[in-house]
Structures are given as C-alpha cells and as structure tokens.
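Please look over the model below.

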Amino acid sequence: MGVKHRVEEIDGVLVVYLAGYLDAHSSPVLELSLKKISEDLGPAHMILDFAEVDYMSSAGLRLLHVLTRW
C-alpha cells in the first residue's frame, strides 16, 4: 500500500499531509521525496500531518529522527 503525501505551503511553512502505511518499504521513498522538496524550496519549517496514517513501523520513526537532523 505505501504512503501517499501532498505538500502545501502556508505562510512560509511546508505542511506535508501523509496517508497510508509508513513502513520499511515506503519510508525511504518518502525520505527522498521530502529531501528533494526541502532542497528545491530551501530552508523552511515543515509540519507533518499524520492524521491519515494508518500504520507506522520503526522505519517510520527512524525517518522522523532523520528529519530532525536536516
């Protein structure tokens, strides 16, 4: 199933809406996508909305840890 995401910029803040399963298969894909978004748009604050995430494995938690180091 994987995770789907869409991004909005609201007052200079990136809001990333996530939906689906954030697991070992989808986390690397999402990480690359978020990294590209942050590189393209430059430094910005990012909010991740997990309201529609049905499942998150430890790989998803690892992604959160990685995001705090950017």
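Which residue in S3 is the bridge partner of Val16? The bridge partner of Val16 is Leu48. This is a predicted model, in which local features need pLDDT of at least 70 and side-chain atom pairs count only at pLDDT 80 or more, while totals for chains, interfaces and linings use all residues. Residues are numbered from 1 along each chain as its sequence is written, and side-chain values use heavy atoms, leaving out hydrogens and water.

**Sheet**

- Three strands form an open sheet in the order S1-S2-S3, with mixed pairing (two strands pair if DSSP finds at least two bridges between them; strands are DSSP runs of E with at least two residues, helices runs of H or I with at least four, both numbered from the N terminus).
- Strand S1 (3-10) and S3 are at the edges with a single partner strand each, so one side of each has no neighbour in the sheet.
- From one strand to the next, the twist averages 15° (axes are lines fitted to C-alpha atoms, for helices over the stretch in contact, and angles between N-to-C directions run from 0 to 180 degrees).
- S2 (residues 13-22) and S3 run parallel and are joined by nine bridges.

**Helices on the sheet**

- H1 packs on the sheet and touches S1, S2 and S3 (contact means heavy atoms within 4.5 Å); its direction makes about 170° with that of S2.
- Helix H2 (residues 58-67) lies across S2 and S3, at about 175° to S3.

**Helix H1 in detail**

- The 15 residues of H1 should span 21 Å at 1.5 Å a residue, and the end C-alpha atoms are 21 Å apart, which agrees (the expected span is 1.5 Å times one less than the number of residues).
- Ser27, Leu30, Glu31, Leu34 and Ile37 of H1 are buried (under 20% relative accessible area; exposed is over 50%, and partly exposed lies in between, with a 1.4 Å probe and protein chains only).
- The buried residues of H1 pack against S1, S2, S3 and H2.
- On the face turned away from the buried side, H1 carries the exposed residues Val29, Leu32, Glu39 and Asp40.

**After H1**

- Gly42 follows H1 and has a positive phi, near 80°.
- Ala44 is in the loop between helix H1 (27-41) and strand S3 (45-56).
- Ala44 is partly exposed, with a relative accessible area of 40%.
- Leaving aside residues up to four places away in sequence, Ala44 touches Gly12 and Leu14.
- Ala44 and Val13 are 31 residues apart in sequence, and their C-alpha atoms are 6.1 Å apart in space.
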